[in-house]
Amino acid sequence: MKSQLVRFDWAMKKLLRNKANFEILEGFLSELLKQDVRIESILESESNKNSLADKQNRVDLLTQVGSGELVLIELQVEAQYDYFHRMVYGTSKLITDNMDSGSSYEMVRKVISINIVYFDLGHGEDYVYKGATDFKGIHKNDVLQLSAIQRGKFTTIGSVSEIFPEYYILKVNEF
């Protein structure tokens, strides 16, 4: 008799969208992000097309967590050679879709992109990767920090990298 396994993609699309199961998703995100995560809501996962030429972006799961950050969870089974590019597009589209016209840029919301892939993406020995944006000096190799004025204005931001999207890649076949 063939055993029936529940795949994570099915669970994510069917079970984890249900408010009664938010604890499971919160536990997963809390462990991965190394912080206590509380899900505020599951958001609409299809982006707006501003013109016929605009690329459509439908994500597997989009949540807003208690800190106001948007958490984008994508699951990709089939190999896609340009998947890194797709990750950048997805976060960029999410940022622009969540900005109101006329808003100041300080209203850009933090995006965390979690990519669960079932194929060999890139070359590396680990199975969980994190990417963040830091600005390093070319000559002195120092990391660019917020100025005193910026620290006073943006009291919830500790470093420049906290403004930019974070990327996580989970390579399922390497577990």
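**Pocket lining.** I looked up which strands line the largest pocket: β4 (111-117) and β6 (166-171) each supply at least two residues. Strands here are DSSP runs of E, at least two residues, and helices are runs of H or I, at least four, numbered from the N terminus. The model is predicted, so I kept to the rule that local features need pLDDT of at least 70 and side-chain atom pairs 80 or more, while totals for chains, interfaces and linings use all residues. Residues are numbered from 1 along each chain as its sequence is written, and side-chain values use heavy atoms, without hydrogens and water.

I noted 26 lining residues, with Val108, Lys110, Ile157, Glu162 and Ile163 nearest the pocket centre. A pocket is an open set of points on a 1 Å grid over the protein atoms alone where a 1.4 Å probe fits, with protein on both sides within 12 Å along at least five of seven lines; lining residues have an atom within 4 Å of a point.

**Core.** Of its 19 residues, Leu29, Ile73 and Ile114 touch the most other members. The helix α2 gives the most to this core, five residues.

I listed contacts (heavy atoms within 4.5 Å) of Leu29 beyond four places in sequence: Lys34, Val37, Ile39, Thr63, Val71, Ile73 and Ile114.

I found Tyr127 partly exposed at 37% relative accessibility, and Phe175 exposed at 61%.

Note on methods: A nonpolar core is a set of buried Ala, Val, Leu, Ile, Met, Phe, Trp, Tyr and Cys residues joined through side-chain atoms within 4.5 Å. Buried means under 20% relative accessible area, exposed over 50%, partly exposed in between (1.4 Å probe, protein chains only).
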